[in-house]
Amino acid sequence: MLKQWIALFASILLSSFTLAKEGAIRPGGTLSATQFRQIVHYCQTDRPRFWSLLEDIRNQDVQITLSNERKGGPGKAVGEHRIVLSTFYLTNDLPQYPEDRLIIVLLHEYGHILYNRQKARNDQSRVANEFAAFRYSLEVAGQLAKKGDTGPLREALHRMKARSQTGRPDDPHTIALKQLMNDPLWQASIRLLANTDTSHTGTLPKTVIRHIQ
Ligand SMILES: [Zn+2]
């Protein structure tokens, strides 16, 4: 009898672990609970495609921190399960950071997470990691364009090209972008954008990131 109870307890414990795949979205830095709620509400109403993608990524076992600390750029991936986003870029309606670009930023950081999960720590390289992140964001942007939302793809091609030209030559981002431009995906993405109907933008398909992992 005791054995059966132990087995039952173990199975409940195990199922709770397997269900614990969903990450959380939490405040970071000095954000108060109220400020955090306001930011979440703002994103949900004013950045709905971005927020939908954020929830999709959270559901892939990623902890997401929205922080009011401005360290570096808009986003940062940490290890295999964590993304930190700067709320400065999410809530200030910066002309340089429209929702389409925020979507690309998020896909880029998730691309790092996928790379970090695939590669052993001693087998990781900065350039290869950036290449994987840029390529992943371009690939998903293409999937979105095929489903009618061309904004992120247009933004990705435009920003990546500009950064490859203006970035420091020894910066791993610049090197990775130059490599990406020689990847068949680059030309395919340019053709895809040219051939896609740009007269309408769709909503972000919920399942897109699961299909191409
Ligand atoms: Zn990166």
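Q: At what angle do helix 6 and helix 8 pack?
A: Helix 6 and helix 8 pack at an angle of about 55°, and their axes are 8 Å apart. That makes helix 6 oblique to helix 8. For the wording, angles under 35 degrees count as roughly parallel, over 145 as roughly antiparallel, 65 to 115 as roughly perpendicular, and the rest as oblique. Axes here are lines fitted to C-alpha atoms, for helices over the stretch in contact, with angles running from 0 to 180 degrees between N-to-C directions.

Q: Before we go on, what kind of model is this?
A: It is a predicted model, where local features need pLDDT of at least 70 and side-chain atom pairs count only at pLDDT 80 or more, while totals for chains, interfaces and linings use all residues. Residues are numbered from 1 along each chain as its sequence is written.

Q: Thanks. Back to the pair: is the crossing of helix 6 and helix 8 left-handed or right-handed?
A: Helix 6 passes helix 8 in a right-handed crossing. A crossing is left-handed if the near helix is turned anticlockwise from the far one by less than a right angle, and right-handed if clockwise.

Q: Which residues meet there?
A: From helix 6 they include Phe 131 and Phe 134, and from helix 8 they include Ile 175 and Leu 177. Two residues are in contact if their C-beta atoms, placed from the backbone, lie within 7 Å. By class, the contact of helix 6 with helix 8 has 8 nonpolar, 2 polar and 3 charged residues. Ala, Val, Leu, Ile, Met, Phe, Trp, Tyr, Cys and Pro count as nonpolar, Asp, Glu, Lys and Arg as charged, and the others, Gly among them, as polar.

Q: How many residues are in helix 6?
A: Helix 6 has 21 residues (126-146), which at 1.5 Å a residue should span 30 Å, and its end C-alpha atoms are 30 Å apart, in agreement. The expected span is 1.5 Å times one less than the number of residues. Just after helix 6, Gly 148 takes a positive phi of about 105°.

Q: What about helix 7 and helix 8, what's their angle?
A: Helix 7 (residues 151-166) packs with helix 8 (residues 172-181) at about 120°, with the axes 9 Å apart. So helix 7 is oblique to helix 8. Helix 7 passes helix 8 in a left-handed crossing. Among the residues making the contact are Met 160 and Arg 163 of helix 7, and His 173 and Met 181 of helix 8. The contact residues divide into 4 nonpolar, 3 polar and 2 charged.

Q: And where does helix 5 come in?
A: The axes of helix 5 and helix 7 come within 8 Å and cross at roughly 75°. That makes helix 5 roughly perpendicular to helix 7. Asp 100, Arg 101, Ile 103 and Ile 104 in helix 5 meet residues of helix 7 that include Glu 155 and Arg 159.

Q: New topic: where is Asp 61?
A: Asp 61 is in the loop between helix 3 (48-58) and strand 2 (63-67). Asp 61 has a positive phi near 65°, though it is not a glycine. Because 14 other C-beta atoms lie within 10 Å, Asp 61 is partly exposed. Not counting residues up to four places away in sequence, Asp 61 touches Lys 21, Gly 23 and His 81.

Q: Last one: is Asp 93 buried or exposed?
A: Asp 93 counts as exposed, because it has 10 C-beta neighbours inside 10 Å. Asp 93 sits in the loop between helix 4 (87-91) and helix 5 (99-118).

Methods. Helix = DSSP H or I, 4+ residues; strand = E, 2+ residues; numbered from the N terminus. Buried ≥ 20, exposed ≤ 12 C-beta atoms within 10 Å, placed from the backbone.
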